[in-house]
Amino acid sequence: MNITTSTNTPTVSNQPQTNTWRMLGGERFYTLARWITLLLLFAITSFLTEGALWPVSIASPPLVIVLWAYVAFGVLATLLIFIPAVLPLLSYAYVVDLAFISLMTFFGGESTVVFFPLFLLPLINAAVRQPPMMSLASGVLAAGFYSIAFIAWHIILAPGIEFEALDGVAMGLRALTLTLVPWVTSGLTERWSESNRASVELARQEAEQALNDARAYRDQMRSLYEVAYTLATTVDYRQVLESTLRESRKLVPFTTGFVLLSSEEADTLSVAASESLDANDQSLQLTVNAGIAEVLRGSEARVVVPSQEPDLARFSTLQRCTRACLVPLRANLRSYGMMVVAIDTPGSFTGEQIDHLTTLANYAIIALQNAQLIFDLKEERNKLISKEEVVRHQLARDLHDGPAQALAALTMNIEFIKRLLERDPSRVIEELDKMSALSKRTTYEVRTMLFELRPLVLETQGLRVTLEQYLERFQNNNAGTKIVLEGSDVEDVHLETKTEGTLFNIIQEAVNNALKHARAKHIWIRLRREGKNLLTVVQDDGAGFDLQGVLRSYEKRGSFGLLNIDERARLVGGNAELESEPGKGTKVTILVPLE
């Protein structure tokens, strides 16, 4: 309380001092002008009297006595400007000035014309402070003073001098000048003052608008900072969505707002975060219709009337609102949902308000992307762990069914040949030939397994050469399937190491599945460059399968075969599609980016 009092007191006391200083400034200027006028009067009086002006006595000429009386008044008026209580009276001091100048005109004799310009100074001083009508009255008063002094001199001091018509005309013109000058001056001053006031008011409005813009920018930056801080300090996208709505309300005061995200059911959206939304509305799900789908597919916000949108009309909170702004939450061709804010007042959302909402919604999109990445990483980690187990079991099975059985057979053959050397040496050569063929086949199978695990040629000679060497191993397969590799224009194609390895694994798995299950006569592998991407198609004319049926039972299968190709392709920035129907074969299409 003490601090507040000491802070406010100087402000209150300084305001009158400022006003007083301004008033003193005007009076001091006029006082300076009065003293300049007195100096001119000293010169005129000295010229007219042709005598000493000092010392003054009763015997001095009346003109001198009036001059020194005017000097005394000037001294008194100069002292009074430092007394605030008498300041209102000083505004009428010009009347006394006119009286003294009129007296000097009266005693000036034939040279009264030299005193005429001195009437203008007090009149102009009064005109700049008074309205036009009062300035006109002051001019009439000055004209009366001058005319009386002029006529009185002719009647009282110079009765012998004839008053000619020309003298009357001259007096009338001077009187008219004294009447009109202050009136015209006041009118021009008032007009100039109005123009100044208009300029000041315009400057004040512009300053106020600039201040409002600065405050709005500050509030926007503060809201962006709050949402960005929430985004940086949490991985929970719901907190970011709630912060986005909360800060959006500070910039765009809305009645209610909520964020709709894609739910587990197809073509439905559910409420993920809300502000001032009824409890019953928080559990509603929104079906994506034509209008909503257009918003989700686009990148621009859209203003709608809630009552005209059937799905939005289901929200009881929106029934009280006149306008709703739908902001899509979309990034990289992927739609996460949309943010809805609504108002219950007349009018609509301005372009600036929509820009604010869109800017804050971008932070929500980042949070959703982060959440999706975290989810995908966890899912991929689990799949990799499961895949590792599957690969281990498959490798163990292949080793058991292939090289392990062959090694056991070789061991048995060696023991058998030892006995033949004693009993029937003639058969040893035949058995050794059989053992040699078995050994070669086992070596080939082991090398094939090593090639499938990680072909070294892929790192040195590229994808096409690796595929050629890999497919050579299946030219004489037991199923009689012919494998055709097409893509002579991709020799200069270069892929990143990770992308190349992933693409080879997808092709390898597609070929293996076609050989094992499709009973196909042909398998085509087509490579084609499309702009900055490499298009790969693995197609067979085999039995095919019910793709939709397999997808429905996929979660129960626990397999990570061809149905995983899209996820594996997306890991390297590409995408993949699987097409199959019973009796029409299977087609795998993979698109990956080049270096």
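Biologist: Among contacts in the protein between residues at least 6 apart in sequence, what share joins residues at least 24 apart?

Modeller: In this predicted model, 62% of those contacts join residues at least 24 apart. The protein has 17 helices and eleven strands, and 38% of its 595 residues count as buried.

Biologist: Why is α4 called roughly parallel to α6?

Modeller: The axes of α4 (residues 93-107) and α6 (residues 132-157) cross at roughly 20 degrees. Angles under 35 degrees count as roughly parallel, so α4 is roughly parallel to α6. Their axes come within 8 Å, and the crossing is right-handed.

Biologist: Which residues of α4 meet α6, and of what class are the residues in this contact?

Modeller: The α4 residues are Tyr94, Val95, Leu98, Ala99, Ser102, Thr105, Phe106 and Phe107. Among their partners in α6 are Ser138, Leu141, Phe145, Tyr146 and Trp153. By class, the contact has 15 nonpolar, three polar and no charged residues.

Biologist: Why is Thr586 called buried?

Modeller: Its relative accessible area is 9%. Buried means under 20%, so Thr586 is buried. Thr586 is found in strand β11, residues 586-593.

Biologist: What makes the pairing of Thr586 and Ser580 a polar contact?

Modeller: The side chains of Thr586 and Ser580 are joined at 3.1 Å, and the cut-off for a polar contact is within 3.5 Å. The pair is therefore counted as a polar contact.

Biologist: Leaving aside neighbours within four places in sequence, which residues is Thr586 in contact with?

Modeller: Thr586 is in contact with Val538, Gln539, Asp540, Gly544, Phe545, Leu578, Glu579 and Ser580.

Terms used: Residues numbered from 1 in each chain as written. Predicted model: local features only at pLDDT ≥ 70, side-chain atom pairs only at ≥ 80, totals over all residues. Heavy atoms only, no water. Axes fitted to C-alpha atoms, helices over the stretch in contact; angles between N-to-C directions. Helix = DSSP H or I, 4+ residues; strand = E, 2+ residues; numbered from the N terminus. Parallel < 35°, antiparallel > 145°, perpendicular 65-115°, else oblique. Left-handed = near helix turned anticlockwise from the far one by under 90°. Contact = heavy atoms within 4.5 Å. Nonpolar A, V, L, I, M, F, W, Y, C, P; charged D, E, K, R; others polar. Buried < 20%, exposed > 50% of the residue type's maximum accessible area, 1.4 Å probe, protein only. Polar contact = N/O pair within 3.5 Å; in protein donor to acceptor, adjacent residues only side chain to side chain.
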